[in-house]
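Open the model in a viewer and keep a selection tool at hand.

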Amino acid sequence: MIGAKAILNPSSRKNTLDLIDISPLEVDAEVQIFGSDLQEMARAARVVADIGAKNININLGCQVPKIIKEGSGACLLKDHDKILRIIDTVSQILPVTLKIRLGWDKFDILPLIKRLEGWPILAIYVHGRIALQAFKGD
């Protein structure tokens, strides 16, 4: 999981891109990115595509405070329209998969999933908890 801001930031870019070690033998390399700014997500997807990724996994599941503070990860579950704009933009660059939680503070992800029917999404990976549960609870 790599932040779009880190991919684009000149001072952290080299170290960040070193984390993405794609072998020429990998056929379906997927890189997970997080971010909340539409243009940053698009620019980061282009960078990742240029270094060999075949898919982008958009993180909609991380509940770590530093990720939430910038409106990324599971925090995006509060704004389904923004999620759709990010998916629409990023999927024009690379095929998209999603990592998603069941909701932010309650199980309410089904309306979003219903809206995604027919969208060009390769897979949806579900973390079977709401964001506020972090890694505890049922």
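**The core**

Begin with I7 and I58: within the largest nonpolar core, which has 37 residues, these two touch the most other members. Colour the elements that each supply at least two residues of this core: helix 1 (4-8), strand 2 (30-34), helix 3, strand 3, helix 5 and strand 4. Keep in mind that this is a predicted model.

Now centre on I58 and show what surrounds it. Leaving aside neighbours within four places in sequence, I58 is in contact with I33, M41, I86, I87, V90, V96, T97, L98 and K99.

**Helix 5**

Select residues 80-90, which form helix 5, and pick out its buried residues: H80, I83, L84, I86, I87 and V90. Look down the helix axis: these buried residues fall within an arc of 165 degrees, so they line one face of the helix. An α-helix has 3.6 residues a turn, so residues three or four places apart point the same way.

What do the buried residues of helix 5 pack against? Show helix 3 (38-50), strand 3 (55-60), strand 4 (96-101), helix 6 (110-115) and strand 5 (121-127), which are their packing partners.

**A stop at T16**

Move to helix 2 (residues 13-18) and select T16. Is T16 buried or exposed? T16 counts as buried because its relative accessibility is 7%. Not counting residues up to four places away in sequence, T16 touches I2, A6 and I7.

**Charged pairs**

The model has 3 salt bridges to visit. Select K5 and E40, whose closest N and O atoms are 3.3 Å apart in a salt bridge. This pair links distant parts of the chain, with K5 in helix 1 and E40 in helix 3, 35 residues apart. K5 counts as partly exposed, at 44% relative accessibility.

Next take D81 and R115, where the side chains meet in a salt bridge at 2.7 Å, N to O. D81 belongs to helix 5 and R115 to helix 6, so the pair ties together parts that are 34 residues apart in sequence. D81 is partly exposed at 40% relative accessibility, and R115 is also partly exposed, at 40%.

Then show K114 and E117, a salt bridge with its closest N and O atoms 3.3 Å apart. Here E117 is exposed, with a relative accessible area of 53%, and K114 is exposed at 55% relative accessibility.

**Rings**

End at F135 and display R101, which lies over the face of the F135 ring, 5.3 Å from the ring centre. A search for aromatic pairs gives a count of 0.

Conventions: Residues numbered from 1 in each chain as written. Predicted model: local features only at pLDDT ≥ 70, side-chain atom pairs only at ≥ 80, totals over all residues. Heavy atoms only, no water. Phe/Tyr/Trp six-rings, centres within 6.5 Å; stacked < 30°, edge-to-face > 60°. Lys NZ or Arg CZ within 6 Å of the ring centre and 35° of its normal. Helix = DSSP H or I, 4+ residues; strand = E, 2+ residues; numbered from the N terminus. Buried < 20%, exposed > 50% of the residue type's maximum accessible area, 1.4 Å probe, protein only. Contact = heavy atoms within 4.5 Å. Arc of directions from axis to C-beta. Core = buried A, V, L, I, M, F, W, Y, C linked by side-chain atoms within 4.5 Å. Salt bridge = Lys/Arg side-chain N within 4 Å of Asp/Glu carboxyl O.
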